[in-house]
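Here is a short report on one protein model. Take a look at the sequence and the 3D view before reading on.

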Amino acid sequence: MQNQDINSLLAKHFNGELLPEQNVVVEEWIRSNPQEYSRLKSLIAKAEQTVYNPDCNLDDAWQNIDAQIRGKQTPTVKLVKSAGQRSWWMSIAASLFLITSFALIYYSSYYNPLITVSSGNFANKQVTLPDGSLVTLNANSTLKYFKLLSGDKRQVRLEGEAFFEVTKNPARPFVIDAGKGQVKVLGTSFNVNTAEAQVEVTVRTGKVQLSSTEKRGLAITLLPGNRGTLHNDQLQKDTVTSENEYAWKTGMLVFRKEKLSSLVKVLENTYHRKIILDNNATSCAVTATFKNQALESVLEELKLILKFNYEVKKDYILIHNLACENDNRE
């Protein structure tokens with residue numbers, strides 16, 4: 001985000017004109033710049049208190065000052081109310097306020113700008129945060145954070161999927177805004193996926209809290225091996241037994257007598273491609289290992305194992321003419 005963008009959004013914020021999606025960005029800025037925001041609020045309060053002195057007449061005041069300069073007798077200052085003076089004073093106060101405010105905002109956004117990292121079509125893009133935490137982005141994922149990661153908590157926003165290895169700091173929890181959920185940890189490693197209108201968190205080490213940002217009090221605690229899913233204001237927790245949960249990051253796919261329907265689901269999650277089976281393949285099972293292979297390479301090997309054909313369409317891959325010959329290759 002450019003500096004002028006946050007300036008505009010903050011101006012709308014103080015005028016109560018923010019749209020919901022704009023409010024999310026401003027709240028992120030406020031969380032990362034609490035001192036600057038506090039100073040802005042204080043400036044606004046002072047400006048509102050000092051914009052108008054109804055008993056001051058500028059002409060009389062100037063005559064008084066001019067007389068003192070010239071050694072003349074000080075005339076009596078006549079106190080009058082003037083609608084025109086109010087407008088003049090308000091204009092000056094508003095101008096000073098805007099100059100001071102935007103200078104402060106510019107200073108904050110210059111030294112602590114919002115950083116946006118996108119992975120594009122490539123997985124395993126790594127980002128090292130200022131606190132030493134490591135984030136590995138899957139394909140088509142975006143991470144946003146303020147450069148200094150300052151404040152009483154380390155807060156980032158994720159769109160897509162990423163694996164987090166968070167440095168331990170009990171005094172400053174690590175918080176991830178992900179879709180309609182929020183993930184909070186002190187120091188641990190875990191995977192977060194915001195695909196398909198839900199938030200899914202799988203914990204490898206440590207303890208993680210997954211909560212809803214829309215339903216107060218809706219939260220679960222996850223331990224190593226747990227997977228939490230937030231969908232439609234409902235939280236579910238189960239245990240992950242598959243070695244393929246982190247396949248997009250490790251590059252390893254391991255199947256042991258895996259049903260073809262489950263295997264296809266893993267391939268979809270790993271390669272982010274829709275795969276359709278055109279017949280009932282529930283009886284098929286596969287034992288195989290793939291390491292750092294492209295999806296097309298995996299499909300070619302499965303084609304030889306299970307004797308099927310497949311077609312690559314624009315939005316999906318179709319598997320058909322399945323002979324369903326089981327394989328026990330390791």
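Which residue in β11 is the bridge partner of Val183? It is Leu210.

## Ground rules

This is a predicted model, in which local features need pLDDT of at least 70 and side-chain atom pairs count only at pLDDT 80 or more, while totals for chains, interfaces and linings use all residues. Residues are numbered from 1 along each chain as its sequence is written, and side-chain values use heavy atoms, with hydrogens and water left out.

## The open sheet

Val183 and Leu210 are bridge partners. Their strands are β8 (residues 181-185) and β11 (residues 208-212), which pair in the antiparallel sense over 4 bridges. Strands here are DSSP runs of E, at least two residues, numbered from the N terminus. Two strands pair if DSSP finds at least two bridges between them.

Seven strands make an open sheet, ordered β1-β4-β5-β7-β8-β11-β12, with mixed pairing. β1 (114-118) and β12 (219-222) stand at the edges; each has a single partner strand, so one side of each lacks a neighbour in the sheet.

## A hairpin

β13 (residues 226-231) and β14 (residues 234-239) pair in the antiparallel sense over 6 bridges. Asn226 stands opposite Thr239 in β14. The two strands form a hairpin with 2 residues between them. In the turn, Asn232 has a positive phi of about 50 degrees.

## Asn191

Is Asn191 buried or exposed? Asn191 counts as buried because its relative accessibility is 2%, and buried means under 20% relative accessible area (1.4 Å probe, protein chains only). Asn191 sits in strand β9 (residues 189-193).

Its side chain makes a polar contact with the side chain of Glu161 at 2.8 Å. Another polar contact, of 3.3 Å, joins the side chains of Asn191 and Trp248. A polar contact is a pair of N or O atoms within 3.5 Å; within protein, one must be able to donate a hydrogen and the other to accept it, and residues adjacent in sequence count only if both atoms are side-chain atoms.

Conventions: Buried < 20%, exposed > 50% of the residue type's maximum accessible area, 1.4 Å probe, protein only.
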